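Here's a quick briefing to read with the model open in your viewer.

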Amino acid sequence: MINSKATSYEFEIVEDDFLNVQQFTLSNGLQLFLSVNKDEPRIFTNIAVRAGSKQDPPETTGLAHYMEHMLFKGTSKIGTLNWEEEKKYLEHISELYEFHRQTDDPEKKKEIYKEIDRLSNEAARLTATNEYDKLASSVGANKTNAYTWVEQTVYVNEIPSNELERWMELEAERFSMMALRLFHTELETVYEEFNITQDNDYRKVGKVVRTELFPNHPYGTQTTIGEPEHLKNPSHVNIQRFFSTYYVPNNMAILLAGDFDPNEAVQWAEKHFGGYEKKEVPPFSFEEQPPIKSPVIKEVLGKEAPYVQLAWRTGSAQSKDMLYYLLISNLFYNEKAGLLDIHLNQQQKVLNASAYHLQHEDYGIFSLYGRPRGEQSLEEVAELLKEQIENLKAGEFEDWLLEAIHHDLQLERYILTESNQARVNALTNTYVLGISWKDFIKQLNEIKHITKDELVSFAKENLNNNHVQVYKRQGEDTSVIKVEKPPITAVPLDRTATSEFGRSFLAKKGERLSPVFVDYDQAIQQVDLTNGLRINWVKNPHEHLFRMDFIFEMGKANDLQLPLALTYLPYLGTSRYSPIEIQQQLYRLGLSIDYYAGQYRSYVSISGLEESAEEGLALLEHLIREAQPNLEALENVKADILTKRENAQKSRNFIARTGLMNFGKYGSQSPLSYKLKAAELQQIQAEALIGQIRQLFDYPHELYYYGQRDISSVSQLLMRHHKISTPFKSIPPAREFEAVDNAQNQVFILDFPIVQTDVLMVSKGTPHFDLEEYLYSNVFNDYFGFGLSSIVFQEIRESRALAYSTYAMNESPSRKGQSHFFKAYVGTQPDKLQEAVGALHGIIQDMPMADSQLEHARQSILKKIESERVTPARQFWEYKKNLDRGLQGDIREKLYDFTQQLTPESLLNFQMERIRDRQFNVLLLGDRKKLDMKYLSGIGPVKEISLEDVFGEK
């Protein structure tokens, strides 16, 4: 419903703005930040509220984050079937929560919560379940999400360009008021989220750092997730007060990037948000934080790999401190020529070291990180980090480095232009920090004028013993707190119900976009050079940037030494340059060289400023052909590989999502466990790897170029610098991996003491890529297993509050000779295990069918394809993905035609024929002592497995 007669508005614009942002403020104070990008007819959207955990009342912390969850539950119009009746229930429930907070009698609390549970179930019968997500899906939205941090809550969507007005209508109603429906099930979800943080060492370290840096400020005295006692005793009254205080137009912004008319965007914002009433927002005040006069040393224990963090408190977003620390953080760590890069990482003195500056509105945090190598102590790593602070304060860095950092920051801004999401995130960050876009644009110029002497003087004044030093050691954390969830009754779900607002909204059918499919023969130019090299060429419509990939159809499965060789390469020099000089040269040129060996394909890639392409290619060729051995570096690389393997086996996420998933698919002989064993690794000699590196370009490969040069210019560039000899060497045959056939259910337990239990269910399907199954799976996954309105999410999280995270999907292979897999996940508490696994398996076995919900999923896929454009940057990679599956053309065209014709009956038949009655490998990661073994043995034979079973020999 595009109105071509939109009023012309006077926008605020900033000179030399690389994003061409147009700003407008409605009369009620609502700000709009608009960045037009015509690459594809989609718009990335944020609605940002300048309120987060910093504004939480001290007696009810976690409130801002919890309220973020509730903004998905609807209003007096969205999500209700009878508001007048539902309102009475919600008011009564609110009163009961206040009584619950005010009593200290545990038995009385249980009685009150039982009544809350009863009334909540009654109220749920008046609810159109998850209607916000259904309505958002109806406009073709994806990436629907939200996040809360210390001083912001941000609501995210990506929508088709032709649905901007309907999206604004929906969001305007969404933020008009807040109905606290389905409160107790969502509260259980937040409990689950809190318990997850108890197993996250990074978060625990962050809490300690903030507590010590900000002892009198909410940054340190409060957490975004909230305190356990506050989560157990929520207040509807405080939540509504928070909403009415901070969710006001003069404290909010709409931030858009994509293909739209800014005048129409303002017109529709005026129409839908203009009636919001402006209110005075309470100013935030805080005490100046006490100085830190000597290092504060702390320890954190946990299962994950050890590291040390040094952290300094920095100034406000409005101070010049931020510019100095932005410069300093890049001077320390830029992945090429920073002080940590060249003195610690490149010289392999630590496993890895990095630096960053995190800026909030009132203060910031500058941090250095270091992970130890082998038996190295955390104290030794801390001293090495401090040595680099002293190098900075002594001015011991190259004079040209500051100018190179400025160029690198400029390059980052060029990269921002290629992504609507990146554009919006940059705008959101400046808005939240209270920095005008004009001042943000000026920052690069201000940084450019900071001299070396000024930077050194600043470091001497600010980076001293006034820091917090946290040792994250491996060990049992006895301070872990688990929030016990009270028993609740699963709330009824009516998947077919629609509110009056929903019916009216869905009836407004806008003009549909026409899908555009890619003719890859036209989109990708190809030429074969006389030396046998094929060039695949795509023009970059954006200026300045290029990338060049040398692609080899071989990887770890062909040669176990290849990943080691490419890992070794960045530590090598040549007869002309040392390893450090190569990294410094790349940084000065605004370039990156990357090496990657995958399972069946490997890459050597160079990217960055187009003007530096020829120098970069010449440097790459020189390095490959003339790499010199470095015996000490190789021994360090070997040791670090073994340390990283050990560290990976301490990470809950890696064990569950990568380790157990591979084991569930392939058993102990998996692609993950196929690797050089420690003894084999130690036997490899530098000469063998150097020979492999120097001969890399003698193997068959092709080139992909994406940039501004025409294909003739690229061909000439390659003929000048890329010297190869033919015929090419033969590629070694690849090791194939046999997927496990699931003749019966089997249960595998990996004992790993954590608060939660991770449960994965994996089952092999069709043993090769099947196009029909791929097409059905796309719709099935959207309807059944993924997204806020999917069957799995509604049943497991919304109705029963059994998990914070859960999904199910039929996964299609990336290569034609590989198997399809059905996989499902639920992360739950050990005492909820039987209920969670039973519920998940039950709906996998007997998929509920709701025609209206399937129609939402179907239309969501169609609208996504209609508004999606395979941009030039993606075209070659999509082409390669299709070839890997044995397909020609744009697979989205087949999916579009298929989805148009899909019926509920055909999807149900697919589920019954391909999904139902499957046998599973059920894999559990959790505390063995807390698991119900009798229940698990009822699923199938139980086997306890070890990390070695999953990851193979060290």
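Lys442 and Asp439 pair up in a salt bridge, with 3.7 Å between the closest N and O atoms; the term covers a side-chain nitrogen of Lys or Arg within 4 Å of a carboxyl oxygen of Asp or Glu. The two sit 3 residues apart in helix α17 (residues 437–448), so about one helical turn separates them. This is a predicted model, where local features need pLDDT of at least 70, side-chain atom pairs count only at pLDDT 80 or more, and totals for chains, interfaces and linings use all residues. Residues are numbered from 1 along each chain as its sequence is written, and side-chain values use heavy atoms, with hydrogens and water left out.

**Salt bridges**

- Lys442 is partly exposed at 39% relative accessibility, and Asp439 is partly exposed as well, at 34%. On this scale buried means under 20% relative accessible area, exposed means over 50%, and partly exposed is in between (1.4 Å probe, protein chains only).
- In total, the structure has 60 salt bridges.
- Glu169 and Lys508 make one with their side chains, at 2.6 Å from N to O. That pair ties together distant parts of the chain, 339 residues apart: Glu169 is in helix α5 (residues 164–174), and Lys508 is in the loop between α19 (500–507) and α20 (520–523).
- Glu169 is buried, at 15% relative accessible area, while Lys508 is partly exposed at 28%.
- Another salt bridge joins the side chains of Arg601 and Asp884, at 2.8 Å from N to O. Here too the pair links distant parts of the chain, 283 residues apart, with Arg601 in the loop between β15 (591–597) and β16 (602–609) and Asp884 in helix α33 (residues 872–884).
- Arg601 is buried at 10% relative accessibility, and Asp884 is buried with a relative accessible area of 17%.
- There's also a network: Lys864, Glu868, Arg874, Glu878, Lys881, Asp890 and Arg892 are joined by salt bridges that share partners.

**Overall fold**

- You'll find 37 helices and 23 strands in the protein; these are DSSP runs numbered from the N terminus, with helices being H or I of at least four residues and strands E of at least two.
- Along the principal axes, the C-alpha atoms fill a box of roughly 80 × 65 × 65 Å.
- Of the 954 residues, 60% are buried.
- Take the contacts (heavy atoms within 4.5 Å) between residues at least 6 apart in sequence: 85% of them join residues at least 24 apart.

**Surface and charge**

- The accessible surface is about 38200 Å², and carbon and sulfur atoms account for 47% of it. Areas come from the Shrake-Rupley method with a 1.4 Å probe, and for residues only the protein chains shown count as cover.
- The protein carries 106 positive and 137 negative side chains, and the centres of the two sets are 2 Å apart. Lys and Arg count as positive and Asp and Glu as negative, with His and the chain ends not counted; each charge is placed at NZ of Lys, CZ of Arg, CG of Asp or CD of Glu.

- Asp408, in helix α15 (residues 401–416), is buried but has no salt bridge; Lys336 is the nearest side chain of opposite charge, 5.1 Å away. Beyond its neighbours within four places in sequence, Asp408 contacts Asn330 and Tyr587.
- His69 is in helix α1 (residues 63–70) and is buried, at 6% relative accessible area. Leaving out neighbours within four places in sequence, His69 contacts Glu186, Thr189, Val190, Glu193, Arg797 and Tyr804.
- Thr129 lies in the loop between α3 (106–124) and α4 (131–138) and is buried at 3% relative accessibility. Not counting residues up to four places away in sequence, Thr129 touches Lys134, Leu493, Asp494 and Gln794.
- Gly938, in helix α36 (residues 933–939), is exposed at 64% relative accessibility.
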